[in-house]
Amino acid sequence: MPDITVKLPDGSDLTVPEGSTVADVATAIGPRLGQAALAGKISDELVDTSHVVSDGDAIQIITEKSPEALHILRHSAAHVMAEAVKDLFPEAGFGIGPSIEDGFYYDFDVDRAFTPDDLVAIEERMRQIVAEERLFARSELTKLEAFDTFDGQPLKQELIQELPEGERISIYNQGQLTDLCRGPHVPHTGRIPAFKLMKVAGAYWKGDSNREMLQRIYGTAWFAEKDLEQYLTNIEEAEKRDHRKLGKELDLFHFDELAGSGLVFYHPKGARLLSTLIDWLSKDLYKRGYYEIRTPHVYRADVWKTSGHWDFYRENMYPFLIDEGEGKEPSEYAVKPMNCPGAVLVYASDMRSYRDLPMRLFEFGTVYRHEKSGVVHGLMRARGFTQDDAHIFCTGEQIVPEVKGMLDLVKFIMETFDFTYTAEVSTKPEKSVGRDEDWDTATKALMTALEEWGLPFEINEGDGAFYGPKIDIKVRDAIGRVWQLSTIQVDFNLPERFDITYRTAENTDERPFMLHRAIFGSMERFFGILIEHTAGAFPTWLAPVQAVVVPIADRHMEFAASVRKRLEADGVRCEVYAEQEPMRVKIAKAQQQKVPYMLVVGDKEAEDDSVAVRDRLQGDIGAMSVCDFGEMVLAQRP
């Protein structure tokens with residue numbers, strides 16, 4: 001049998017016999033890997049270890065340490081779950097079973113609801129299948145053969161029908177299960193050492209509310225029991241930190257179905273915290289050369305038709321008709337889902353020169369988007385929310401310094417809230433607007449700004465907005481979860497659609513570049529993330545109530561009230577706990593409300609004009625004058 005040559009990631013060549021598989025290549029370089037192969041990657045395509053390599057292939061061996069490994073593991077676990085369901089519920093219909101962040105799911109069509117006992121039984125059957133080390137065997141069929149193979153499975157046949165004619169269709173056999181799948185999978189079920197089924201939820205087939213409702217079983221899978229245990233511990237911690245739960249306990253906000261899904265009502269404490277956050281950022285933006293604008297909440301449809309939203313985003317908008325009176329035809333309007341057109345109209349309200357650029361406009365603008373009720377999730381995904389939007393109009397040469405300025409703002413904000421963060425550049429998608437040279441200029445500018453700023457980044461090929469490339473900033477919270485937060489985008493679309501220009505030094509008209517940026521993203525979502533990041537124990541400068549005065553007896557109420565009045569006058573947010581309750585109960589209440597400081601006042605404090613200070617973390621920290629305490633609190637402002 002003749003030999004063939006394949007290339008390894010380090011650039012070296014490896015000679016193997018013709019007919020060798022990825023597993024054979026892994027065996028040949030075993031000492032370099034340190035771990036057994038799970039799968040392979042050939043020309044950016046993931047393949048099974050049983051895949052036969054060809055002469056000249058560039059091969060990367062996927063092990064447990066590879067970025068793709070958990071995806072392969074979890075997708076394989078989904079197949080094991082499907083086989084377990086098939087064994088226990090022979091009449092079940094099968095939908096799809098992909099891997100997702102932190103786990104996997106599979107959709108089933110069964111004639112009764114799955115119960116908690118069913119999940120226990122399915123998980124136990126999965127363990128038996130794993131112990132049997134059943135092979136994941138791939139084969140390919142024609143479309144007709146695939147239809148025959150999945151006779152009696154209408155959901156699978158629907159998926160087959162949608163595949164292009166003439167395409168070979170891959171399936172996987174594992175024990176008693178045959179499934180439609182592109183793969184790859186781990187070599188056998190025994191390579192799935194740690195997993196757990198988490199919950200059952202309803203899911204419409206293909207997300208279409210007009211289609212059949214299926215039952216979706218969610219699970220998670222890991223390469224080690226310790227990783228699974230850590231994940232489950234994090235889940236428990238996340239439940240304790242759930243912003244919806246803490247929002248109610250801390251009296252910050254609520255949602256009211258009478259008003260509608262996804263519309264938040266801020267209570268006094270929540271509103272005060274949000275106002276503090278907005279005031280803090282606004283002051284910093286003025287120092288950075290931004291100017292605040294305020295734009296209407298509703299526009300005539302002409303604005304949205306010009307911007308393109310009317311054609312491409314209308315289903316997510318709230319349009320309505322206005323009776324103009326005097327026999328006129330009603331006018332079409334819509335509540336704004338985006339702030340961007342407002343900034344463009346401010347720019348377009350006057351002639352602009354190159355001397356005016358860069359023009360940095362910011363707005364805390366409230367927008368409304370028609371999200372389906374099934375995806376609305378507390379503050380994280382609401383129908384009404386306020387964005388910390390800014391739009392910068394600049395020349396091509398100004399993109400790099402402007403983006404670096406935004407990255408400086410990102411650093412300032414993330415460090416203030418103790419977030420670690422990473423960056424990702426999303427490039428030109430298949431469907432886009434704008435000239436290729438503008439895309440090249442903008443994409444290179446974003447990358448150059450990141451490189452000069454010293455922030456490492458990943459490339460997300462083809463995931464830019466249709467109107468320009470973007471930088472996404474992802475943050476990691478206190479329990480290790482990653483959130484997509486800030487976005488910096490370049491826009492070719494709106495300047496073109498609204499025909500905005502500036503006068504150059506040569507007295508010609510040029511189209512400005514438009515940069516969008518939102519560091520918090522939406523104030524609501526950031527608020528929700530911050531609640532969960534801090535478990536509701538906000539930093540002192542941001543806490544809606546920074547101190548509570550706890551009078552020991554009724555005769556100390558007057559002094560307690562004067563302490564509060566003086567502290568509030570100095571800018572410290574303060575309350576008095578005046579209820580007829582023991583002091584220990586009042587302190588416990590303040591701890592539960594995560595108030596940074598408790599100020600106990602009695603005869604001695606009233607006589608000395610002082611307060612006995614209790615820190616929510618350190619406990620008693622001693623007595624100090626009212627003035628000194630106020631200065632200590634105010635000194636904690638960032």
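Colleague: Let's start with arginine 381. Is arginine 381 buried, partly exposed or exposed?

Modeller: Arginine 381 is partly exposed, at 40% relative accessibility. Keep in mind that this is a predicted model.

Colleague: Which residue does arginine 381 form a salt bridge with?

Modeller: Glutamate 371. The closest N and O atoms of the two are 3.1 Å apart. Both residues sit in the loop between β20 and β21, 10 residues apart.

Colleague: And glutamate 371, buried or exposed?

Modeller: Glutamate 371 counts as buried, because its relative accessibility is 13% and the cut-off for buried is under 20%.

Colleague: Why would two such side chains pair at all?

Modeller: Side chains of opposite charge can pair when their charged atoms come close.

Colleague: How many salt bridges does the structure hold?

Modeller: The structure holds 49. Take the one between aspartate 107 and arginine 216, at 2.7 Å from N to O. That pair links distant parts of the chain, 109 residues apart. Aspartate 107 is in strand β8, and arginine 216 is in strand β13.

Colleague: Are those two buried or exposed?

Modeller: Aspartate 107 is buried, with a relative accessible area of 2%. Arginine 216 counts as buried too, at 16%.

Colleague: What about arginine 555? Which residue does the side chain of arginine 555 meet in a salt bridge?

Modeller: Aspartate 603, at 3.1 Å from N to O. Arginine 555 lies in the loop between β29 and α17, while aspartate 603 belongs to helix α19. They are 48 residues apart.

Colleague: Where do they stand on exposure? Buried, partly exposed or exposed?

Modeller: Arginine 555 is exposed, with a relative accessible area of 61%. Aspartate 603 is partly exposed, at 45%.

Colleague: Which residues do salt bridges with shared partners join into one network?

Modeller: One such network holds Glu158, Glu162, Lys206, Arg211 and Glu212.

Colleague: New topic: cysteines. How many disulfides does the structure hold?

Modeller: The count is 0. Take cysteine 394: the nearest cysteine sulfur belongs to cysteine 340, 15 Å away. Cysteine 394 is buried, with a relative accessible area of 0%.

Colleague: Let's zoom out. Which domains is the chain divided into?

Modeller: Domain 1 covers 3–62, and domain 2 covers 69–236. Domain 3 comes in two pieces, 255–297 and 336–534. Domain 4 runs over 547–634.

Colleague: What separates the centres of domain 2 and domain 3?

Modeller: Their centres are 39 Å apart, taken over C-alpha atoms.

Colleague: What kinds of residue line the largest cavity?

Modeller: By class, its lining has 8 nonpolar, 2 polar and 2 charged residues. Among the lining residues are Leu250, Leu252, Phe538, Val545 and Pro596. Lys269, Lys594, Gly536 and Gln593 are also in the lining.

How values were computed
Residues are numbered from 1 along each chain as its sequence is written. This is a predicted model: local features need pLDDT of at least 70, side-chain atom pairs count only at pLDDT 80 or more; totals for chains, interfaces and linings use all residues. Side-chain values use heavy atoms; hydrogens and water are left out. A salt bridge is a side-chain nitrogen of Lys or Arg within 4 Å of a carboxyl oxygen of Asp or Glu. Helices (H or I, at least four residues) and strands (E, at least two) are DSSP runs, numbered from the N terminus. Buried means under 20% relative accessible area, exposed over 50%, partly exposed in between (1.4 Å probe, protein chains only). A disulfide is a pair of cysteine sulfur atoms within 2.5 Å. Domain bounds come from an automatic or database domain assignment. On a 1 Å grid over the protein atoms alone, a cavity is a set of points where a 1.4 Å probe fits but cannot get out, and a pocket is an open set with protein on both sides within 12 Å along at least five of seven lines; lining residues have an atom within 4 Å of a point. Ala, Val, Leu, Ile, Met, Phe, Trp, Tyr, Cys and Pro count as nonpolar, Asp, Glu, Lys and Arg as charged, and the others, Gly among them, as polar.
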